[in-house]
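Dear colleague,

Please find below the structure that I am handing over to you. My notes on it follow directly after.

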Amino acid sequence: MPSFSATTADADSVATPDRSVGPVLPQTAHFNAPLPLACGRALPQYDLAYETYGTLDASRSNAVLICHALNASHHVAGFYADDPDNVGWWDNMVGPGKPLDTERFFVVGVNNLGSCFGSTGPVSTNPGTGQPWGSDFPLLTVEDWVDAQAQLADRLGIGQWAAVMGGSLGGMQALDWAIRYPARIRNALVIAAAPNLSAENIAFNEIARQAIMTDPEFHDGNFHAYDVKPRRGLRVARMIGHITYLSDEQMEAKFGRQLREGLKFSFAPEFQIESYLRYQGEKFAEYYDANAYLRVTKALDYFDPATRTGGDLARALASATCRFLVVSFTTDWRFPASRSREIVKALVRERRDVSYAEIAAPHGHDAFLLDNPQYHAVVRTWFERMATEIGVGGVIADGIA
Amino acid sequence: MIRAVATAITPPTPISVSGPRVARADYATIGSWVADSAHVLDLGCGDGALLDYLAAQRRASGYGIEIDDAGVLASVRNGINVIQSDLERGLAGFDDAAFDVVILSQTLQAMRRVEAIVAEMLRVGREAIVTFPNFGHWSHRLQILRGRMPVSTSLPYQWYDTPNIHLCTVKDFDAFLGARGYRILDRVILAKGRPARFAPNLTGELAIYRFRKK
């Protein structure tokens, strides 16, 4: 059995920013047993990259799983000693004294299968061929990811999560945990998510996929063999995605009609928004894998737990027994508040314990990653109550109460 | 002197419930009308104190609706199931007859669409409980006779900053329910925290109604 004390590396060796978990070390868990997949195939063996922060308590009751969205990873909090600028994607949420307090909770971040940050995916070597999986890597679903996460929980000796938490696509994983592993989760924090994708959501994903697949350097997904990457496709995919993460309001405030250097009557980027999107696209095309992106957008499209209950979301959620915190943001048009309210309505119909916060925020879908006092206060309060119940840290464990 | 009249009404005696939180005068009456293990929806639940009270006294389950960020946060802190929503948008998030009782405690008078919310309450609940400050109280009448808008313990606002836009008297509310064919199951008008013994529309400060569709 591995050690469960935090993967936090020698905290004193590197200057630690305020309230950061400090330098962290990613770990890899290897699984030899095949993972059956929704598509009918199975992954013969696989790796899951993960990080942990905080300490698992003796009763193993304070573990929290963080599920990531589209292109994030297991690097949720802290930074790498050799790359201090590489700060975890939810570092404002997770850390000592932060809303999810790593002095009370043992937090696990995991990279999903099919991604390209260390867990088995299209860039990994197919043991059957000795070559990268590439286009032959199976299409995965949210359920497949969650099944793999359950294997990791077993490996870490966590029978039941105190909470599973995620934003956007991560929230869908939390929802799936609640539905299919009800005995293994006490709280689900479903943030800026939706019970399934709308036609418009799928349409945006399809544009992104078309951008990638029609790039001449895509080579039907076997671009590795040609030593190229469909960068142009990835750039456009990221640009279109990025627009859906922002709000019109925020884009107007941030960029408006600002020009870089006046009108040039050319197709070079003239407006600041053009320049910004190109920059985001370039960055993404360098670090993300095209086959992984195609697959993760498909996992989003496929997610719809209500298909198993004839389209009835309430019945799909009937198996859930955990408490739910559902959070949405007023200017999110990718997964608008109305989609979160569908989840809440279904849970209320089943008389499940659910609270719902609709956060007034100007930042669109991205708001779930940003600082917002009310949002962070609600999440903090939720975890404080949990900590009190399980007696980790805080007033009760300190014997003050 | 208006202030003198206002302070003549002593606030209702607080009832201590589950620790430091203090129940309002209407809680005991509401609690006596809610059946054991009832499924309750509390509209405008604030910090969730009423639901907390009903859970403790009646083992009631259910949800609170609250629009205000601070109220939502306080409810989460108190372990109440709270749903952030604007009551003026109705109760579209809830099915017909989903609740045994729907409560609107001292909020009706601040709502824009009174008829709509009462109809919604009786759609999603079998019964409704509504409480409101009685505008017919003698001190209010006296202040109007003296030519000023009333300010009192139950209506502690000035005319220019009050959130209360639909004030009514006990007689008004009787007529309102009667005209819509709703049946009053219980009615208590509190004066100084106790049921008013005589002329409730004159002496009562807080009206508490339980009603349903006929």
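How much area is buried between chain B and chain A, and what percentage of it do carbon and sulfur atoms give? The area is about 1800 Å², and carbon and sulfur atoms give 48% of it; buried area here is the accessible area (1.4 Å probe) that two parts lose on being put together, summed over both. On the side of chain B, the residues that lose the most area to chain A are B:Tyr63, B:Val76 and B:Gln84, together 28% of what that side buries.

Please note that this is a predicted model, in which local features need pLDDT of at least 70 and side-chain atom pairs count only at pLDDT 80 or more, while totals for chains, interfaces and linings use all residues. Residues are numbered from 1 along each chain as its sequence is written, chains are lettered from A and ligands numbered from 1 in the order in which they are written, and side-chain values use heavy atoms, with hydrogens and water left out.

**The interface**

Chain B brings 21 residues to the contact and chain A brings 20, where contact means heavy atoms within 4.5 Å. The rule finds one salt bridge across this interface (a side-chain nitrogen of Lys or Arg within 4 Å of a carboxyl oxygen of Asp or Glu). In a salt bridge, the side chain of B:Asp95 meets that of A:Arg349 at 2.4 Å, N to O.

On the side of chain B that touches chain A, helix H4 (69-77) and strand E5 (82-84) are the elements that give two or more residues; helices (H or I, at least four residues) and strands (E, at least two) are DSSP runs, numbered from the N terminus. H4(B) gives the most, with five residues.

**Backbone and burial**

In helix H6 (residues 138-145) of chain B, the buried residues are B:Ser139, B:His140 and B:Gln143 (buried is under 20% relative accessible area, exposed over 50%, partly exposed in between; 1.4 Å probe, protein chains only). Just after H6(B), B:Gly147 has a positive phi of about 95 degrees.

Most residues other than glycine have a negative phi. A:Phe265, not a glycine, has a positive phi of about 55 degrees. A:Phe265 lies in the loop between helix H5 (248-254) and helix H6 (272-287) of chain A, and is exposed, with a relative accessible area of 79%. B:Lys192 also has a positive phi, near 50 degrees. B:Lys192 sits in the loop between strand E8 (182-191) and strand E9 (194-195) of chain B, and is exposed at 51% relative accessible area.

With kind regards
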